Amino acid sequence: MTVTEHLAQLNGKPAFSIEILPPLKGANINEIFDSLNPIMEFDPAFINVTYHREEFEYRELDNGLWQKRIIRKRPGTVGICAAIQNKFKVDTVAHVLCGGFTQEETENLLIDLNFLGINNVVALRGDAVKSEIYFNAKKEGHQYASQLVKQINNQNQGIYLDETLENKTKTNFCVGVAGYPEKHFESPNLEADIAYLKEKVDNGASYITTQLFYDNQKFFDFVDKCRKAGITVPIIPGLKPFATKRQLNIIPQRFHVDIPLDLANEVVKADSKEAVREIGTEWMITQSKELMDAGFNLIHYYTMGNNKAVCKLANTLL
Ligand code: FAD
């Protein structure tokens with residue numbers, strides 16, 4: 001089923017989805033299966049698998065010169081989606097990036113996904129590679145996610161890059177895009193960001209999943225602004241269980257979101273790792289309850305390996 005079909009059949013019932021990262025290169029698929037096993041009992045609606053773009057690494061050669069190498073630390077998004085669907089019979093959502101891809105490489109990736117029966121994608125721009133400040137599209141690639149959405153939507157209509165193809169199968173991708181309740185960090189203001197978000201929807205995105213947030217009011221305000229801007233597609237809130245004291249600084253730095261004062265104060269006072277995890281899990285449960293009471297019955301959890309918190313939440317809410 002597609003994500004929008006999942007949303008349509010909720011009928012007020014609570015549901016959740018999770019997001020996982022491919023493991024570091026060299027790992028076995030059983031690591032993924034083992035970490036998912038406890039969560040599968042709670043029947044997630046679907047599982048997203050992130051995509052990780054290339055990184056540049058410099059290695060010193062024997063002759064003293066430095067060699068620039070392109071490495072991929074977490075490959076396997078497509079294979080993991082297929083393996084999870086096959087093993088657990090649950091829908092998966094493959095993240096697809098502009099960064100590092102030409103349009104033709106994207107087309108071929110979409111063909112692979114289609115052949116494997118993976119009909120859900122999230123279309124994202126991706127960030128700049130770590131050694132660069134600004135995002136640079138690959139030659140003949142896309143600069144913005146809205147352009148990627150358009151390409152996927154074209155393929156759904158049987159429009160391929162090579163117009164001379166004889167058999168132009170129409171794909172059937174349900175396309176999600178990212179939204180930012182606290183605005184995307186590069187955007188001059190939230191209004192401009194929402195205008196570009198609308199462009200992604202106008203180009204064929206069927207729903208929005210938000211960046212993680214810890215203050216529900218920011219999400220509710222964002223939804224209001226989106227609706228006023230004419231965005232009518234479902235907006236799925238994204239939450240991440242807070243788990244370590246270091247995240248007080250890492251989360252704002254990496255995701256460009258605020259940690260509310262009450263949560264930060266509680267975490268600072270906590271006297272053990274377990275206490276911090278407990279505070280983070282309880283905060284997420286309270287947030288989830290309020291979101292569900294407001295009609296957002298499907299919540300997306302960025303578990304990133306912290307499956308215990310989501311299991312506790314599922315036990316409490318479902
Ligand atoms: P875009 O929608 O293209 O927006 C990027 C910036 O450009 C914004 O500031 C926007 O306002 C601006 N903009 C958009 N269109 C235009 C235009 N026409 N003219 C001028 N400015 C414009 N990253 C990964 O690498 N892998 C993942 O798997 C991944 N998954 C994610 C899942 C979710 C739900 C979210 C919220 C983020 C995810 N990210 C992932 C991070 C994401 O790639 C970054 O936040 C990235 O910087 C922006 O991606 P985007 O798709 O929102 O970009």
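Colleague: How many bridges join β1 to β2?
Modeller: There are 3 bridges between β1, residues 15-20, and β2, residues 46-49. The two strands run parallel. Keep in mind that this is a predicted model.

Colleague: And what stands opposite Ile-18?
Modeller: Ile-47 in β2 does.

Colleague: Zooming out, which strands make up the closed barrel?
Modeller: The barrel has 8 strands, in the order β1-β2-β5-β6-β7-β8-β9-β10, and the pairing is parallel. From one strand to the next, the twist averages 30 degrees.

Colleague: Which strands does α5 lie across?
Modeller: Helix α5, residues 145-156, lies across β5 (91-97), β6 (120-124) and β7 (174-179). Its direction is at about 145 degrees to β6.

Colleague: Switching to helix pairs. At what angle do α2 and α11 cross?
Modeller: Roughly 10 degrees, and their axes come within 9 Å. Here α2 covers residues 29-40 and α11 covers residues 307-317. Angles under 35 degrees count as roughly parallel, so α2 is roughly parallel to α11.

Colleague: Is that crossing left-handed or right-handed?
Modeller: Right-handed, as α2 passes α11.

Colleague: Which residues meet there?
Modeller: From α2, Ser-35, Leu-36, Pro-38 and Ile-39. They meet Asn-307, Val-310 and Cys-311 in α11.

Colleague: How many of the residues in that α2 contact with α11 are nonpolar, polar or charged?
Modeller: The contact has 5 nonpolar residues, 2 polar and no charged.

Note on methods
Residues numbered from 1 in each chain as written. Predicted model: local features only at pLDDT ≥ 70, side-chain atom pairs only at ≥ 80, totals over all residues. Heavy atoms only, no water. Pairing = 2+ DSSP bridges. Helix = DSSP H or I, 4+ residues; strand = E, 2+ residues; numbered from the N terminus. Axes fitted to C-alpha atoms, helices over the stretch in contact; angles between N-to-C directions. Contact = heavy atoms within 4.5 Å. Parallel < 35°, antiparallel > 145°, perpendicular 65-115°, else oblique. Left-handed = near helix turned anticlockwise from the far one by under 90°. Nonpolar A, V, L, I, M, F, W, Y, C, P; charged D, E, K, R; others polar.
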